Amino acid sequence: MARDADERQRLGRAFQVGGARYDRLRPSYPIDAVRWLVGSTEPLRVVDIGAGTGKLTAQIVDLGHAVTAVEPSADMADQLTAHLPDVAVSHGSGEATGLPDRSADVVVYGQAWHWADPVAASAEAARILAVGGHLGLIWNFLDLRDARMAALDAASHDLDQGSTENSSSAKSVGAQFGEPAVREFIWSLPTSTRDLADRVTTRSYYLAADKPGQQHLRELCAETVEREFGPIGDTVVEVPHRTIAYRFAIG
Ligand SMILES: C[S@@+](CC[C@H](N)C(=O)[O-])C[C@H]1O[C@@H](n2cnc3c(N)ncnc32)[C@H](O)[C@@H]1O
């Protein structure tokens with residue numbers, strides 16, 4: 001089910017708090033997926049929009065590229081700057097990055113394209129990309145083909161009107177770009193049962209919920225993890241993930 005624009009803005013702004021928890025509990029991306037997303041071993045100018053606490057940014061820096069981060073939430077951007085003091089941050093958004101025309105070889109969004117207005121963000125990406133550049137979108141998911149992951153996903157969405165596959169927003173990329181190349185990556189992440197249960201506290205719909213709603217989601221996710229994986233604590237379990245990545249060349 002697609003979100004309407006008001007709902008998208010309300011949930012997207014929920015990331016104004018919770019940066020430290022986000023940084024601790026959310027995974028990075030499989031490095032092969034990041035390599036594919038950027039698409040070159042030559043050093044490129046990469047703009048990471050909705051960079052958050054810098055999870056994707058740090059991986060692209062490690063691959064040898066020059067990254068500029070764009071992030072509207074000061075709380076998230078403060079975490080990024082603490083880890084990556086040499087990365088320039090623009091406190092803009094996908095719709096208005098504040099960056100010059102044709103200043104990027106690659107524009108990427110990690111887990112963030114679905115928060116931007118697709119019409120304005122497509123125009124903005126096309127404006128800042130150099131000739132021959134591309135837009136890369138990437139999302140991590142729990143692998144819902146595993147019944148335990150499906151149960152946890154359902155618990156974490158218990159207060160939503162219906163969960164949204166955020167990557168379906170890739171369809172909204174504008175006509176400035178051609179048809180995408182798409183790749184899927186299947187992987188797993190060793191995670192403590194405590195961190196797995198707590199991951200819900202980093203979700204936009206949790207951050208936007210009232211206190212009783214937040215407590216309900218925490219309890220339901222903890223019960224589900226306990227039932228599916230065992231007691232909440234330091235025990236580490238393998239958590240199946242799926243990553244989907246898109247590359248859109250500028251037309
Ligand atoms: C789920 S986090 C992803 C952070 C990071 N890219 C990662 O991979 O972990 C989504 C980020 O998008 C940001 N965001 C929300 N609305 C946005 C917009 N209109 N344009 C760009 N970023 C936005 C949020 O502040 C948040 O930091």
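**View 1. The shell around the ligand by residue class.** In this predicted model, the shell residues comprise 10 nonpolar, 8 polar and 4 charged. Altogether 22 residues surround the ligand. Y22, Y29, G50, E71 and G110 are the closest of them.

View 2. A polar side-chain atom of E95 is placed 3.0 Å from a ligand nitrogen atom. The backbone also takes part: a polar backbone atom of G110 lies 2.8 Å from a nitrogen atom of the ligand, and for a polar backbone atom of W115 the distance to a ligand nitrogen is 3.5 Å. On its own the ligand has 600 Å² of accessible area, of which the protein covers 95%.

**View 3. R102, a loop residue with positive phi.** R102 sits in the loop that runs between β3 (88–90) and β4 (104–110). Its phi is near 50 degrees, which is positive although the residue is not glycine. R102 counts as exposed because its relative accessibility is 54%, and the cut-off for exposed is over 50%.

**View 4. Q111, a loop residue with positive phi.** The loop between β4 and α6 (118–128) contains Q111. Phi of Q111 is near 60 degrees, again a positive value in a residue other than glycine. The relative accessible area of Q111 is 15%, so this residue is buried; buried means under 20%.

Note on methods:
Residues numbered from 1 in each chain as written. Predicted model: local features only at pLDDT ≥ 70, side-chain atom pairs only at ≥ 80, totals over all residues. Heavy atoms only, no water. Near = heavy atom within 4 Å. Polar contact = N/O pair within 3.5 Å; in protein donor to acceptor, adjacent residues only side chain to side chain. Areas by Shrake-Rupley, 256 points an atom, 1.4 Å probe, with all protein chains shown as cover. Nonpolar A, V, L, I, M, F, W, Y, C, P; charged D, E, K, R; others polar. Helix = DSSP H or I, 4+ residues; strand = E, 2+ residues; numbered from the N terminus. Buried < 20%, exposed > 50% of the residue type's maximum accessible area, 1.4 Å probe, protein only.
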